[in-house]
Number of protein chains: 2
Amino acid sequence: MSSSPVKHQLFVQFARVGKTLSNPHRLALLEFLAQGERSVDALARLSGLSIANTSQHLQQLRQAGLATTRKSGQFVHYQLAGDEVVVLLEALRRVAEQHLAEVERLVKTHLASKDHLEPIPADELLKRMKQKRVTVIDVRPPEEYAAGHVAGALNIPLEELEKHWKELPTSREIVAYCRGPYCLLAYEAVAKLRHRGLKARRMEKGFPEWRQAGLPVEM
Amino acid sequence: MSSSPVKHQLFVQFARVGKTLSNPHRLALLEFLAQGERSVDALARLSGLSIANTSQHLQQLRQAGLATTRKSGQFVHYQLAGDEVVVLLEALRRVAEQHLAEVERLVKTHLASKDHLEPIPADELLKRMKQKRVTVIDVRPPEEYAAGHVAGALNIPLEELEKHWKELPTSREIVAYCRGPYCLLAYEAVAKLRHRGLKARRMEKGFPEWRQAGLPVEM
DNA sequence: CTGTTATTCAATTGATCTATTGAATATTAG
DNA sequence: CTAATATTCAATAGATCAATTGAATAACAG
């Protein structure tokens, strides 16, 4: 059949993308990149990998078309190649969540137990923000906040939460968010806030998904 | 950091799914499965792999949560684990298409040249079907047609196209579809129909995407 | 019960992937 | 120009993957 080799060539190309999704460290790097662009050594520090190893994984991401680079001085900044990549990661997560018992177990034992109240969906949050019924806090580090955040959110990194008790409302609900559905910063922030008697919830998903949904963002 | 190991465990699980997408033969098997359930040896014949090899790839799909099995007599029927899997495959394709130059080259040289007219999107096709302005033909083999097809479509397998000239309208437009965006049957059918002077176009995407979009299906 | 068919299992070989190491390149500061 | 920093390159060793082969199950037909 004449069409078979072409078709196979296409699948070979699709498999290249699949292959880059086959390593947990690369997935972690992609999640960091979903926050915004990062230099190689920033990513190495975030991921805990060696510089050389990080560099090699990043090059694979670039070769598979998942990331692009921008050179500025001696730094090379990597960023996601486009929104479709966020969609792909989301689809991967969803399949894993839905069909792998191990994922369910991990989420149940480590995440769900930390947050009994329902997380608030993005659209619902936006509605309440317009009515000024909530205070939204971004618990990521300042660099990530600076690279883009939910419009109107305050930046209170998790480590500095204690210093900012006074700025937080006691009656109004507080909503925390961080990097994505499996970023634990927001879970921990909510736990701390509740421990102090404040009304706190977690935003469903995280900043990359918020931006990807086209909701209002500030830089 | 206490959250790190849990998070890494999650990425390890996601990577399991990614790994199963890293082999072109498995992707081909997934595309066949997207048409409907199939026995192991049907899939072996379709893919051209040995039975044992096919079986092993299928087991990997099952272990990664992408496929499920149903045993009936001596046959084991595999099928996709859910619609999220179709979404995932679609996302994978889209990223590859958008960012891999090699995919663009393959599509341009082997597919685009065979079909100068725009393919018709599913929703547009549905509208015209209701107005009875088009004849829709399903050019897949009868077994696949029998397992489910676009409501109202005629089954005219590519090899039998010549036998059915008389049944086809000469003035009304004919729309052909097959297995998916990279299935070539519809391209070839359109080429043959045009060569005979009929007005023919291809449906954008294929049957799995049609079904997944919730559009009307017949069994 | 025997032979047949569909599927899976187990063992092997060659290929590919990962992390590490140390060196090479490139940009900037002094 | 020299030293320092950020990144990449090249070579290596150990682990994992893919396809083949032949055998093992399991369901069915006669």
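Guide: Helices (H or I, at least four residues) and strands (E, at least two) are DSSP runs, numbered from the N terminus. The model shown is predicted, with local features requiring pLDDT of at least 70 and side-chain atom pairs pLDDT 80 or more, while totals for chains, interfaces and linings use all residues. Residues are numbered from 1 along each chain as its sequence is written, and chains are lettered from A and ligands numbered from 1 in the order in which they are written.

Visitor: How many helices and strands does chain A have?

Guide: Chain A has 10 helices and nine strands. Its C-alpha trace spans about 70 × 45 × 30 Å along the principal axes. Of its 219 residues, 42% count as buried (20 or more other C-beta atoms within 10 Å; 12 or fewer is exposed, in between is partly exposed; C-beta atoms are placed from the backbone). Two residues are in contact if these C-beta atoms lie within 7 Å. Among the contacts in chain A with a separation of 6 or more, 62% join residues 24 or more positions apart.

Visitor: Which residues come nearest to DNA strand D?

Guide: A residue is near a strand if its C-beta atom lies within 6 Å of it. Of the 19 residues around DNA strand D, the nearest are A:S39, A:V40, A:D41, A:S55 and B:G73. Two or more residues each come from α3 (40-47), α4 and β3 (75-80) of chain A, and from α4 of chain B. The greatest contribution, five residues, is that of α4(A).

Visitor: Which residues come nearest to DNA strand C?

Guide: Around DNA strand C there are 20 residues, of which A:G73, B:S39, B:V40, B:D41 and B:S55 come nearest. Here α4 (51-63) of chain A and α3 (40-47), α4 (51-63) and β3 (75-80) of chain B each give two or more residues. The most, five residues, come from α4(B). By class, this surface has seven nonpolar, 11 polar and two charged residues; Ala, Val, Leu, Ile, Met, Phe, Trp, Tyr, Cys and Pro count as nonpolar, Asp, Glu, Lys and Arg as charged, and the others, Gly among them, as polar.

Visitor: How do α3(B) and α4(B) cross?

Guide: Two packed helices are described by the angle between their axes and the distance between the axes. The axes of α3(B) and α4(B) come within 9 Å and cross at roughly 110°. The two helices are therefore roughly perpendicular to each other (65 to 115 degrees; under 35 is roughly parallel, over 145 roughly antiparallel, the rest oblique). In this packing B:V40, B:D41, B:L43, B:A44 and B:S47 of α3(B) meet B:I51, B:T54, B:S55 and B:L58 of α4(B). By class, these residues divide into five nonpolar, three polar and one charged.

Visitor: How many residues does the contact take from chain B and from chain A?

Guide: The contact takes 43 residues from chain B and 43 residues from chain A. On the chain B side, α1 (4-20), α2 (24-33), α5 (83-99) and α6 (101-111) each give two or more residues, and α1(B) has the largest share with 13 residues.

Notes. Axes fitted to C-alpha atoms, helices over the stretch in contact; angles between N-to-C directions.
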